[in-house]
Amino acid sequence: MSNITSTPEQINVQIAEQTNVQIAEQVKQKVVVGLSGGVDSSVAAALLHRAGYDVTGLTLWLMKGKGQCCSEGMVDAARLCEELGIHHEIVDSRDVFEQSIINYLVTGYAAGATPLPCSRCNKAVKFTPMMTYAREKLGINKIATGHYAKLSFNADSGRYELRRAVDDTKDQSYFLYEVGQEELSCCIFPLGDTTKVETRKIAAEFGLATAEKPESMDLCLVEANGSMRAFLDKYLTPVQGKIVDTNGNVLGEHDGTYHYTIGQRKGLGVAAANPLYVIALDPVKNEVVVGDRSEAHDQECQINQVNWVSMAPTHVPFHAEVQVRYRTVPAGATVIPLEGDRAQIIFDEPQFSITPGQAAVFYRDDLLLGGGLIESKI
């Protein structure tokens, strides 16, 4: 074990920085670790266990049907806990997952949006329920996950600050923008300073069965159903409609607006001299609007359900780097807070594929200030 990157002392320092609590010697701190059965959560649990924490593994049973995260995952999580000699609990979260995620996705796609399930799942299905279960059922005040993100406490502002992970290719802070201060006050992210390559190396050095487990590349619902189209077709009835350009000219037909997303280029089924992109979805007219790439750019959007993370709520406009999809590069923009939990975002330059239902998350360097759901393009 001498080659393992994170020593017990380093883990203790990381946890102290995240939680604003100094780890008392000779006292085992209790923590509940969310275990999906993947390598990331496995290493998070193993590192904390090795550092001397009293670890309890917690796996959420999310889907009613077959799915990698809920079939193989539960078995692998149970095996890991047996290997580490720690207690393991499984919580039946299928109903809350169906209400908070499945219904949310179906309703959103039917309305012409492209919902972002992972951030909503983190808040509504994982972090808040995990925190509540840990406190009320197990008497434990700390939870940990295998997310790639960094957390610290700012004594001056009195807020927990969320930052991008060291490994920018695996950073998951974008999906954590909905998590509130109360949940963050309970959180530990042991992998924030670890790259994915290092994570697999640590898993191998620990001898964990998940060390070589293939990485999940799709949403759990896609894995369970084969594709997002197949999943949605279980709940929505395809209705043929028109594919039109921005002038209203009919170019072809589609089999359901919910099969498309803003910015999509491939699979349109329309022949044209130049590449066409989805510009807008109109479920009321049952139309998919397409145009050239320049028409897929917008400079403004409005967001709702804003959650302030590292930054305290404000009514004063400010400049930040705003990321409108998980894999897009953040772009400079002015964020103008509006009444309630809404805001207007004006980008310095027009942005490609601003998509209702996705999140606009604002950063200052690596610090996640806050974010909200894109309501409409302007």
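**Reading the labels on a predicted model**

The buried residues of helix α7 (residues 196-206) are Lys 196, Thr 199, Ile 202, Ala 203 and Phe 206. The model is a predicted one.

Q: What makes the buried residues of α7 line one face of the helix?
A: Viewed along the axis of α7, the buried residues fall within an arc of 115°, so they line one face. The cover over these residues includes α2 (39-50).

Q: Which residue just after α7 takes a positive phi?
A: Gly 207 does, with a phi of about 75°.

Q: What is the make-up of the chain in helices and strands, and how much of the chain is buried?
A: The chain has 9 helices and 17 strands. Of its 378 residues, 53% are buried. Among contacts with a separation of 6 or more, 66% are between residues 24 or more positions apart. The accessible surface is about 16,900 Å², and carbon and sulfur atoms account for 50% of that.

Q: How many aromatic pairs does the structure hold?
A: There are 10 aromatic pairs. One of them is formed by Tyr 174 and Tyr 326, with 6.2 Å centre to centre and 40° between the planes.

Q: Why do Tyr 174 and Tyr 326 count as a pair, and why is the pair called tilted?
A: The ring centres are 6.2 Å apart, and the limit for a pair is 6.5 Å, so the two rings qualify. The planes make an angle of 40°; stacked needs under 30 degrees and edge-to-face over 60, so tilted is the label that remains.

Q: What makes this pair a tie between separate parts of the sequence?
A: Tyr 174 is in the loop between β6 (159-164) and α6 (181-184), while Tyr 326 is in the loop between β13 (318-323) and β14 (331-337), so the pair ties together parts that are 152 residues apart in sequence.

Q: What puts Arg 164 over the face of Tyr 363?
A: Arg 164 lies over that face at 3.6 Å from the ring centre, against a distance limit of 6 Å. Likewise, the charged end of Arg 293 sits over the ring of Phe 352, 3.9 Å from its centre.

Q: Which residues have the most contacts inside the largest nonpolar core?
A: They are Phe 97, Ile 143, Leu 162, Phe 189, Leu 221 and Phe 231, in a core of 48 residues. Helix α4 (residues 94-110) supplies the largest share, 7 residues. A second, separate core has 27 residues, including Val 43, Val 55, Cys 81 and Ile 86.

Note on methods: Residues are numbered from 1 along each chain as its sequence is written. This is a predicted model: local features need pLDDT of at least 70, side-chain atom pairs count only at pLDDT 80 or more; totals for chains, interfaces and linings use all residues. Side-chain values use heavy atoms; hydrogens and water are left out. Helices (H or I, at least four residues) and strands (E, at least two) are DSSP runs, numbered from the N terminus. Buried means under 20% relative accessible area, exposed over 50%, partly exposed in between (1.4 Å probe, protein chains only). Contact means heavy atoms within 4.5 Å. Accessible areas come from the Shrake-Rupley method with a 1.4 Å probe; for residues, only the protein chains shown count as cover. Rings of Phe, Tyr and Trp (its six-membered ring) pair if their centres lie within 6.5 Å; planes under 30 degrees apart count as stacked, over 60 as edge-to-face and the rest as tilted. A charge sits over a ring if NZ of Lys or CZ of Arg is within 6 Å of the ring centre and within 35 degrees of the ring normal. A nonpolar core is a set of buried Ala, Val, Leu, Ile, Met, Phe, Trp, Tyr and Cys residues joined through side-chain atoms within 4.5 Å. The arc is that of the directions from the helix axis to the C-beta atoms.
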